[in-house]
Amino acid sequence: MRAKIDPFQAIGVSHLAHELKSQGRSIIHMEFGQPSTGAPRAAIAAAHQVLDTDGMGYWESPALKARIARHYGETYGVAVEPAQIILTCGASPALLLALISSFDPGDRVALARPGYVAYRNTLKALHMTPVEIACGPESRFQLTAAHLAALDPAPASVIVASPANPTGTIIEAAELAAIAQVCRARGIRIVSDEIYHGLSYVGPARSMLEFEPDALVVNSFSKYFSMVGWRLGWLLVPPDHLHRARAFVGNLFLTAPSLSQHAALAALDSRDELEGHVAVYARNRARLLAALPRLGLNAIAPPDGAFYIYADIGHLTTDSLGFCKAMLRETGVAAAPGIDFDPVDGMRFIRLSFAVSTPQIDQALERLTPWFAALASSNQK
């Protein structure tokens, strides 16, 4: 069971950022994909009330599961039974649950490269085989049906993420439908990571459930709902997989936090406040897209959704980790190295999160503008 997995390098960058902050440095945290805002006001109020009135315990909220099921009908036009929703301690356990309850050691699972670092490492930890597919500008850094049709042999599964981390790209409806068709024809089970749904700047993201009812869908209250520290997510499973998935979740995780479930029920009806957060992210995104080319960062993945800029720095370095550490020490701006998301080409990329406040975006650009200018000047000598 002692699988070899790679470190999450952005965590090391964050540790350095906090160390510098403890020394009195001003740090702007753009290394992690977490909102700078807290949970919605109604969610916090619900939590206060429950703390005063309920001793809590192991529990899975029927009301919350019913409300999530209603969300799928209202948002995607998909009928989902509350029983299909398994509440988890965030999206990471939901992904683990999807994989461990569906596949065997040695199974091959396709995924896009670049992609979220934990996909690759969770598969390795489970002794499954990640089949990373290089996805560049020609496919908008996303998997396509053609990619999956060309794999020989067919993998047992594919992890699809739309909007994606680190690029923010969204797969259009026609391509999702084509992916679903190829997967049905080839017996490939789809795991769809939809944790960035609600965070879109080019029109709403579509759920894989609209095209493949038997997909396993991962989601979370951490991103759109701004509840990172509450550690609450869910896995939506088809009815014929429910008994097996519940056996795993009961033994490995018991239940999600009771307090978080009470708060999340209120968060689901806090759309006006949450859409205000999305408006801030949209403003931050526009600022960065306007300013980064002036810093020499012209090759950027299309940030359709989520809250990331994935930028090519290959004209300046082939060591994204060293670059991020130097940038942090010299400007106080923390970013994630691309090597986390792409072990082959990621040394030429960085990821900036724009889920901070707009004044912090402006301050970061003030610091980065002269720093990048000095780098460009030194490279020309």
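1. Let's start with the polar contact between the side chains of S101 and H241, at 3.0 Å. A polar contact here is a pair of N or O atoms within 3.5 Å; within protein, one must be able to donate a hydrogen and the other to accept it, and residues adjacent in sequence count only if both atoms are side-chain atoms. The S101 side chain also reaches the backbone oxygen of L97, at 2.6 Å.

2. A word on the source: this is a predicted model, in which local features need pLDDT of at least 70 and side-chain atom pairs count only at pLDDT 80 or more, while totals for chains, interfaces and linings use all residues. Residues are numbered from 1 along each chain as its sequence is written, and side-chain values use heavy atoms, with hydrogens and water left out.

3. Where does S101 sit? Its place is in the loop between α4 (91-100) and β3 (108-113); helices (H or I, at least four residues) and strands (E, at least two) are DSSP runs, numbered from the N terminus. S101 counts as buried because its relative accessibility is 1%, buried meaning under 20% relative accessible area (1.4 Å probe, protein chains only). Leaving aside neighbours within four places in sequence, S101 is in contact (heavy atoms within 4.5 Å) with H241, R244, A245 and F248.

4. Next, have a look at α3 (residues 62-76), whose 15 residues reach 21 Å from first C-alpha to last, close to the 21 Å expected at 1.5 Å a residue. The expected span is 1.5 Å times one less than the number of residues. Among the buried residues of α3 are L64, I68 and Y72. The buried residues of this helix pack against β2 (85-88), β7 (216-220), β8 (233-236), α8 (242-252), α9 (258-267) and α10. G77 follows α3 and has a positive phi, near 70 degrees.

5. Helix α10 (residues 271-291) has 21 residues and spans 30 Å, close to the 30 Å expected. Its buried residues are E273, L274, H277, V278, Y281, N284, R285, L288 and A291. They lie on the same side of α10 because they cover an arc of only 155 degrees around the axis, taken from the directions from the helix axis to the C-beta atoms.

6. Finally, the sheet: three strands form an open, antiparallel arrangement in the order β9-β12-β11. β9 (308-312) and β11 (336-337) stand at the edges, each with a single partner strand, so one side of each has no neighbour in the sheet. Two bridges join β11 to β12 (residues 349-353), and strands pair if DSSP finds at least two bridges between them. P337 has I350 as its bridge partner in β12.

Key
Buried means under 20% relative accessible area, exposed over 50%, partly exposed in between (1.4 Å probe, protein chains only).
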